[in-house]
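Subject: Structure handover

Hello,

Here is the structure I promised to pass on. Please open it first, then read my notes below.

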Amino acid sequence: MKAIDVCRFRVRPRPTLPNVNLTGGTATGPAKPLPPEFQSFMDSAKEGVVIVSFGSYVLDLPQHISDKNLQVLLQLPMKSVSRSNLTSSDPKKILTVPWIPQNDLLGHPHTKVFVSHCGNSGQYEALYHTVPIVATPLFDDQRYNAERIRVKGFAEVLGLYTCTAE
């Protein structure tokens, strides 16, 4: 098979033994009620909400990338919930918190898009709740996951280090 170039790295098929069953989506399920601070923010977003999370290992991106992300989120008509240690310049439009109830936010009817690093749990949760993904793979299997769901029509892939705010 031919390798696919994604975000400056090569993605190759993963060989598995015949007795291996790949199982995904074990943490997905119907959305539970949100904590009050999230519920009021989500309910007030009439234009919709963008959920931004880069997984459990990445809480802070390099400053120039974080600035670019915040600039884009401020330009959108939608509100945003971002898992980050940063302080939002407009907390009524962008909610930044160090932890989010990701599955429950993705299940909210106002959620319009999920900006994700494309880890396994996040991609399955977004697919379960039929939320389109802007895939921003950073490392490991995320490039493979991003390309796989792009080919299937569930995502657009964007390189965080190469894209511009426009």
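Two strands count as paired if DSSP finds at least two bridges between them. Keep in mind that this is a predicted model.

Start with strand 3, residues 49-53. Strand 3 and strand 4 run parallel and pair over four bridges. In that pairing, Val49 sits opposite Lys79 of strand 4.

Is strand 3 enclosed or open? Five of its five residues are buried, so strand 3 is largely enclosed by the rest of the structure. In a regular strand, side chains alternate between the two faces of the sheet. Here both faces are covered. Val49, Ile51 and Ser53 are buried on one side. Val50 and Val52 are buried on the other.

Next, strand 4, residues 79-83. Strand 4 also pairs with strand 5, again in the parallel sense and over four bridges. Arg83 stands opposite Val97 of strand 5. Strand 5 is covered on both faces too. Ile94 and Thr96 are buried on one side, Leu95 and Val97 on the other.

Now helix 2, which covers residues 63-75. What does helix 2 pack against? Its buried residues pack against strand 3, strand 4 and strand 5. Those buried residues are Ile65, Ser66, Lys68, Asn69, Leu70 and Leu73. The length of helix 2 checks out as well.

- Gln102 lies in helix 3, residues 102-106. Gln102 counts as buried because its relative accessibility is 17%, and the cut-off is under 20%. Beyond its neighbours within four places in sequence, Gln102 contacts Ser53, Phe114, Gly122 and Glu125. Ser53 is one of the buried residues of strand 3.
- Thr136 is in the loop between strand 7 (133-135) and helix 5 (142-151). Its relative accessibility is 1%, so Thr136 counts as buried. Leaving out residues up to four places away in sequence, Thr136 touches Phe54, Val115, Ser116, His117, Leu158 and Leu160.
- Leu17 is in the loop between strand 2 (9-11) and helix 1 (36-43). Is Leu17 buried or exposed? Leu17 counts as exposed because its relative accessibility is 57%.

Leu17 also belongs to a nonpolar surface patch with Val20 and Leu22. Together the three have about 320 Å² of accessible area.

Best wishes

Terms used: Residues numbered from 1 in each chain as written. Predicted model: local features only at pLDDT ≥ 70, side-chain atom pairs only at ≥ 80, totals over all residues. Heavy atoms only, no water. Patch = residues over 30% accessible without salt bridge, like charges linked within 9 Å, V, L, I, M, F, W, Y side chains within 5 Å. Areas by Shrake-Rupley, 256 points an atom, 1.4 Å probe, with all protein chains shown as cover. Salt bridge = Lys/Arg side-chain N within 4 Å of Asp/Glu carboxyl O. Helix = DSSP H or I, 4+ residues; strand = E, 2+ residues; numbered from the N terminus. Buried < 20%, exposed > 50% of the residue type's maximum accessible area, 1.4 Å probe, protein only. Contact = heavy atoms within 4.5 Å. Expected span 1.5 Å × (residues − 1).
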